[in-house]
Amino acid sequence: MKRITMRALRTLLGGGLASALFGCGMEAPEPPAPAANSYQETLQLQLLDAQPGDVITIPAGRHAFNRSLRLGADGVTIRGAGMDETVLSFADQRSGAEGLLVTGSDFTIEDLAIEDTTGDALKINEAQNVVIRRVRTEWTGGPKTENGAYGLYPVQTRNVLIEDCVAIGASDAGIYVGQSEQVVVRNNRAEYNVAGIEIENTRHADVYGNVATNNTGGILVFNMPNLPQTGTDVRVYDNDVFENNTTNFGIPGTAVASVPAGSGVVVNSHDRIEIFANRIRNNRTANIIISSMYSSGWAAAETVAGFDPYPDQISIRDNTFEGGGDSPDGLDLKALKTLMFGLTGAFPDVIWDGHVATDEAAARICVADPAVEVLNVDGPNGNKSPRVEREPHACALTTLAPVTLAAAP
């Protein structure tokens, strides 16, 4: 059966049916006024009519939209003329929870910008084989709680490549990958977000070649309870993570709202992570923070059935550190820093809350560089005996396998 497209249906109803009714002496009504932005209608029809193999080209220029766009077909490419040439502006958005929502697999989007959405900029849900390349998401008014939560937001996806993108101003995470598998996030820039790059409840992810600066927290790797998938096997390497000291502007009650300003790389309750060959500097609370759910204040982890609240098998090696830890966020951390290191001192490069699983051999946190110290804040005992440690973390773990994608050779 021949497929009737949305455009053909509109033509049939608006043309043939109108002729049948009004050709018999009935007076035709006045045609509706043209849309304020006719390109909005053009693009939405292209998305509704899209079929596998289609390439939707968006020309250079600033295109205004007042409602969300949606794509459900598989095998579609959306292509602009460049992230600074093709701009989809949602500054006057009146409806919809995101700028563009994609639910189709084998999807590519490249060379355009999405600005000032009410909610998330680009959300991709339950898709496979996704490529996001040279896309900029930005809230142009600067860091504000009223900004949308996520810039690039693939969730419950598989085989995902995010590369050469820019994410600015998200009130949660600029680049977020959640509950996904087989992910590569490379060569992007995340700036002035609460979380620059966040990998959450995701299995097998490589995060490398990125720049994370001027966020509240640079790169976050989290496991959260009450989600259908637990994350494991994440490699964070060859990134520049520096000066992530922006005041936290996250929505109160969200996970990232508790991230202290001045956090470089943050690991929470996640297992099997390698942090290596990064350049991490001048993050004023700490260059690396490792914590359990017990220190997060987000949930009573012991009441969540089947959830492992501890960060297990964390490998930190071959990173370059500079500065950081000199002006931590929050009165408790400031007091601890002054008590242990004086007014002009600084925290070590790694802060750990001290919570470990019963099987300590499986829960090892290994720091290969003997010059890198770990501050154990003694969370299990109410922070009564914080101490600097080296020897307990002088160990090595089996290296993780790289992620391989057809789209990311």
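## A chat about a predicted model

Reader: Let's start with Arg279. In which strand is Arg279 found?

Author: First off, keep in mind that this is a predicted model. The strand that holds Arg279 covers residues 279-281. In the numbering of strands, that one is β24.

Reader: Is Arg279 buried, partly exposed or exposed?

Author: Its relative accessible area comes to 31%. Buried needs under 20% and exposed needs over 50%, with partly exposed in between. So at 31%, Arg279 has to be called partly exposed.

Reader: Which side chain makes a polar contact with the side chain of Arg279?

Author: Let's begin with what Arg279 touches: leaving out residues up to four places away in sequence, the list is Asp238, Asn239, Asp240, Val241 and Thr320. Thr320 is 41 residues away in sequence, yet 4.8 Å from Arg279 in space, C-alpha to C-alpha. The side-chain polar contact has a distance of 3.0 Å, and the partner is Asp238.

Reader: Okay, zooming out. How many strands does the protein chain have?

Author: The chain has 409 residues, and 55% of them count as buried. Among contacts between residues at least 6 apart in sequence, 63% join residues at least 24 apart. As for the elements, there are three helices, and the number of strands is 31.

Reader: Which strands stand at the edges of the open sheet?

Author: The sheet has twelve strands with mixed pairing, in the order β3-β6-β8-β10-β13-β16-β19-β22-β25-β28-β30-β31. An edge strand here has a single partner, so one side of it is left without a neighbour in the sheet. That describes β3 (67-71) and β31 (387-389).

Reader: And what is the average twist from one strand to the next?

Author: Picture going along the open sheet strand by strand. From each one to the next, the twist averages 20°.

Reader: Which helix packs on the sheet, touching β3 and β6?

Author: Look for the helix made of residues 38-49. Its direction makes about 25° with that of β3. The helix you want is α2.

Reader: How many residues of strand β8 are buried?

Author: Strand β8 runs over residues 120-125. β8 pairs in the parallel sense with β6 over four bridges, and β8 also pairs in the parallel sense with β10 over four bridges. The strand is mostly covered: of its six residues, the number buried is five.

Reader: Which residue in β10 stands opposite Asn125?

Author: Strand β10 covers residues 150-155 and pairs with β8. On the pairing of β6 and β8, Glu98 stands opposite Asp120. Over in β10, the residue opposite Asn125 is Val155.

Reader: What about β28 and β30: which residue in β30 stands opposite Trp352?

Author: β28 (residues 350-352) and β30 (residues 374-376) pair in the parallel sense over three bridges. Opposite Trp352 you'll find Asn376.

Reader: Are Phe65 and Phe90 buried or exposed?

Author: Phe65 has a relative accessibility of 2%, and Phe90 has a relative accessible area of 1%. The cut-off for buried is under 20%. So Phe65 is buried, and Phe90 likewise counts as buried.

Reader: Which residues form one aromatic cluster?

Author: Start with two rings whose centres are 4.1 Å apart and whose planes are at 20°: Tyr150 and Tyr153, so that pair is stacked. Tyr150 is buried at 14% relative accessibility, and Tyr153 is buried at 12%. The cluster consists of Tyr150, Tyr153 and Tyr176.

Reader: Last one! Over the ring of which residue does the charged end of Arg281 sit?

Author: Another arginine, Arg317, has its charged end over the ring of Phe276, 4.2 Å from its centre. For Arg281 the distance to the ring centre is 4.2 Å, and the ring belongs to Phe242.

Key
Residues numbered from 1 in each chain as written. Predicted model: local features only at pLDDT ≥ 70, side-chain atom pairs only at ≥ 80, totals over all residues. Heavy atoms only, no water. Helix = DSSP H or I, 4+ residues; strand = E, 2+ residues; numbered from the N terminus. Buried < 20%, exposed > 50% of the residue type's maximum accessible area, 1.4 Å probe, protein only. Contact = heavy atoms within 4.5 Å. Polar contact = N/O pair within 3.5 Å; in protein donor to acceptor, adjacent residues only side chain to side chain. Pairing = 2+ DSSP bridges. Axes fitted to C-alpha atoms, helices over the stretch in contact; angles between N-to-C directions. Phe/Tyr/Trp six-rings, centres within 6.5 Å; stacked < 30°, edge-to-face > 60°. Lys NZ or Arg CZ within 6 Å of the ring centre and 35° of its normal.
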